Amino acid sequence: MSFFSTEGGLYKFMSRLFQIVKLNLLWLLCSLPIVTMGAASIAVYSITLKMVDEQEGYIAKPFFKAFRENLKQGIILEVITVVCVYAIYLDFQLFHAIEDNPIIFLFIGILSAIVCFLALLYAYPLAARYENRISRTLKNSFDIAVRFPGRTVMLTLILAVEFVIMFWNSTTLFFAILIGPTCVMFTISGFARYFFRVLEKEPGAVSNPEDLED
């Protein structure tokens, strides 16, 4: 089989790269009002979760369908994300502003950052795959992260490397704008899809479970 044929590695790579660029442009377009960024992210995850299984098919139509269907919960998730980030930022600001830098603020800030990160890391792919209450989605994200700590740490390190590469210089920053957000979500989707498969195979599990706990 030729490397340059439609079944070859180069064609598959270029095809996947084009899909990622297209999906990222859709994400940028639908994120322009800012408040819809959460819904756009859920829509991206609805595609990238299928990309992991090479079942994505068309991009635009299912993206906009998922965007419309998840507009409300996407806005809520985005607001929660912004509130969490800002609260943690304020905590660290207080730590630096108060005389003698009370260690309790540093401890609370670090603990809050870890809890919020784990609760939000898989929340968006969970929202893309399952119909659920926001509170349950956040809890399930945290539970998955705790249940699979090794893989979650590995994912965190991979994401850290991706962010370092994206912000390395002006050239990489250009590519970060072009494909960065979707690449990050694709990476998370690869891990999330594995977790979902494991959980869905457990006794009593259903294809659209309300609770991912045992």
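Buried means under 20% relative accessible area, exposed means over 50%, and partly exposed lies in between (1.4 Å probe, protein chains only). The views below show a predicted model, in which local features need pLDDT of at least 70, side-chain atom pairs count only at pLDDT 80 or more, and totals for chains, interfaces and linings use all residues. Residues are numbered from 1 along each chain as its sequence is written, and side-chain values use heavy atoms, with hydrogens and water left out.

**View A. Tyr194 and Phe195 form an edge-to-face ring pair.** Rings of Phe, Tyr and Trp (its six-membered ring) pair if their centres lie within 6.5 Å; planes under 30 degrees apart are stacked, over 60 edge-to-face, and the rest tilted. Here the centres are 5.8 Å apart and the planes meet at 70°. Tyr194 is partly exposed at 31% relative accessible area, whereas Phe195 is buried at 0%.

**View B. Phe63 and Phe64 make another edge-to-face pair.** Their centres are 5.5 Å apart, with 85° between the planes. Phe63 is buried, at 0% relative accessibility, while Phe64 is partly exposed, at 29%.

**View C. Leu159 sits in helix H8, residues 149-166.** Helices (H or I, at least four residues) and strands (E, at least two) are DSSP runs, numbered from the N terminus. Leu159 is buried, with a relative accessible area of 8%. Leaving aside residues up to four places away in sequence, Leu159 touches Leu121, Val184, Thr187 and Ile188 (contact means heavy atoms within 4.5 Å).
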